[in-house]
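Thanks for coming, everyone. Let me put the structure up, and then we can walk through it.

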Amino acid sequence: MSCAPDRHAIIIGGGASGVLLAYQLLQHPDSDFRVTLIEKRSEIGRGLAYHTGNSEHLLNVRAANMSALPDDPDHFWRWLSTGAKGAPLCPDPYCFVPRRLYGDYVTSLVDPFLSPQHGAQRLTILRGECVAVSEGWGNVTVSLADGSRLVGDVAVLATGHDAATARSAWHADPWISPSVPGFGKDTTVLILGTGLSMADYVLTLLREGHHGPIIAMSRRGLMAKGHRRTAPLSLREEDVPFGIGASRLLRWFRQRIAAHAVDGGDWRSVIDAIRPFSHRLWRELPLSAKRSFLEHARAWWDVHRHRMAPEVEARIAAVIADGQLTIKAAKLVGIDGGISGARVHYRRRGRSEIESMEVGAIVDCTGIVRDPRATTNVAVRSLFDQGLARPDVLRIGIDITPDCAIVRADGLPSQRLFAVGPLTRAAFWEIMAIPDIRNQCAALATQLLQGRPAMLPDMISPAHPVIDHQAAI
């Protein structure tokens, strides 16, 4: 029998991270939580990743690995297989389905808690924008753009990716249809970034009937690799060299791949095998090694770790082969007005001379904002302004403890403010994909339900160290 809810959790952000946490807080039969989920979009469960209406935008992870429930790995596959509305023919768990459909799945998790049959209203969806969060002695207060306020016992930031804002008048938003800015279908489009977001936007352009040149540019010109059907590889925790420097870790990693290849294996199996240990690997890397990784190895890791669905890979390869899409390894150095759009100045990798070209539109697909202080999220900004949060020492996210508590400017962890999802990448690094986020949300929910700090299973350590950020830089 459920107890009457007497604790109030306010989750700021109704994308996948927020909905997964809400589900975990509500699904336990003895949960004493009621949850308010704040989302400014018209739909919950989608965020940037799953709001797309383009059926060619596929998940980058096979259906078999996309369960939202860590203790039920086949949950998503069963949902697909039992006649999910709009589900395509999915011949086996290896298939890659449209991302929009996955948003439907995430939303379905909390639908039962909105039903009157559950008696007392335990889940409230509040449409609006959170503009401020504050912490008192015994509660938290969340302020919305319309002037209303909510008081709760805990607040959790689940605001997801902080997308980059337009750099100039020639920039188009990568998250909306090309028909909205209205550039011509025969114009030259420059895409900044050559990763997964670039591939998505190319597919969007093609769907809209664009037949002009498309140029994708990044410093190294690297594109995401494609998935393959590979045999799983088992890796024991004692085989992983935790705590060593970046160069030694890279050497060990290459040796594992080479040895696996000798046995007829695929490098993808090695990368997938170390995923269960990625949080600990990142946590135990020396600070200098983390900096070196971010500067020199991050792009290489990303294109091997975050892979394309085979169908997307084939489509992008075909567009490159027919000459419509060109990949440039170059650095953007300037933009100014051109004859019919923008004149872009860039320097190719390994060269010193500056080249220029005319483009009709520029689309920034470089991904998330790198420096948390540059965030456009007013809720996060309010925490910085009040000293209730601080950037991590590497400036890639907000500083949190291993149990997801937000660290204040004075170095002390909050007792009532937490964060999940991509905001926490400074502590966990691999926290962008559902297989990682689902574990994080389940662990945090368990600990909040038990009324004590939410130490993640593979993050248990002594008290969170207080780092002097200026001395560490």
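A cavity, as I use the word today, is a set of grid points where a 1.4 Å probe fits but cannot get out. Hold on to that one. The idea behind it is simple: rolling a probe the size of a water molecule over the atoms shows where empty space is left.

This is a predicted model, please keep that in mind. So, how much space lies in the largest cavity? About 40 Å³. The structure holds one cavity of 30 Å³ or more. Its lining consists of L58, N60, R99, L196, A199, D200, M308, A309 and V312. Helix α4, residues 196–207, gives the largest share of that lining, with three residues. Sorted by class, we get six nonpolar residues, one polar and two charged.

Now the chain as a whole. It has 13 helices and 16 strands. There are 473 residues, and 50% of them are buried. Take the contacts between residues at least 6 apart in sequence: 69% of these join residues at least 24 apart.

Next, open space. The second largest pocket holds about 710 Å³. Which residues lie nearest its centre? They are L250, F253, F293, A297 and W301, out of 25 lining residues. Four helices each supply at least two residues of this lining: α5 (246–262), α6 (267–273), α7 (278–284) and α8 (287–305). The class count for the lining of this pocket is 18 nonpolar, five polar and two charged.

On to the rings. A pair of aromatic rings is described by the distance of the centres and the angle of the planes. The structure holds 13 aromatic pairs. One of them is Y50 with Y102, and it is tilted, at 5.1 Å centre to centre with 55° between the planes. This pair links distant parts of the chain, 52 residues apart. Y50 sits in the loop between β2 (33–39) and α2 (75–81), while Y102 belongs to helix α3, residues 99–110.

Are these two tyrosines buried or exposed? Y50 has 9% relative accessibility, so it counts as buried. Y102 is buried too, with a relative accessible area of 0%.

The charged end of R280 sits over the ring of F242, 3.7 Å from the ring centre. Likewise, R373 has its charged end over the ring of F384, at 4.5 Å from the centre.

Where is L417 placed? In strand β16, residues 413–419. Its relative accessibility is 2%, and the cut-off for buried is under 20%, so L417 counts as buried. What is L417 in contact with, leaving aside its neighbours within four places in sequence? The list is V133, E135, V140, A155, L383, L388, C404, A405 and I406. Look at I406 in particular. I406 is eleven residues from L417 along the chain, and their C-alpha atoms are separated by 5.8 Å.

Key: Residues are numbered from 1 along each chain as its sequence is written. This is a predicted model: local features need pLDDT of at least 70, side-chain atom pairs count only at pLDDT 80 or more; totals for chains, interfaces and linings use all residues. Side-chain values use heavy atoms; hydrogens and water are left out. On a 1 Å grid over the protein atoms alone, a cavity is a set of points where a 1.4 Å probe fits but cannot get out, and a pocket is an open set with protein on both sides within 12 Å along at least five of seven lines; lining residues have an atom within 4 Å of a point. Grid points are joined across faces, edges and corners, and a volume is the space filled by probe spheres set on the points. Ala, Val, Leu, Ile, Met, Phe, Trp, Tyr, Cys and Pro count as nonpolar, Asp, Glu, Lys and Arg as charged, and the others, Gly among them, as polar. Rings of Phe, Tyr and Trp (its six-membered ring) pair if their centres lie within 6.5 Å; planes under 30 degrees apart count as stacked, over 60 as edge-to-face and the rest as tilted. Buried means under 20% relative accessible area, exposed over 50%, partly exposed in between (1.4 Å probe, protein chains only). A charge sits over a ring if NZ of Lys or CZ of Arg is within 6 Å of the ring centre and within 35 degrees of the ring normal. Contact means heavy atoms within 4.5 Å.
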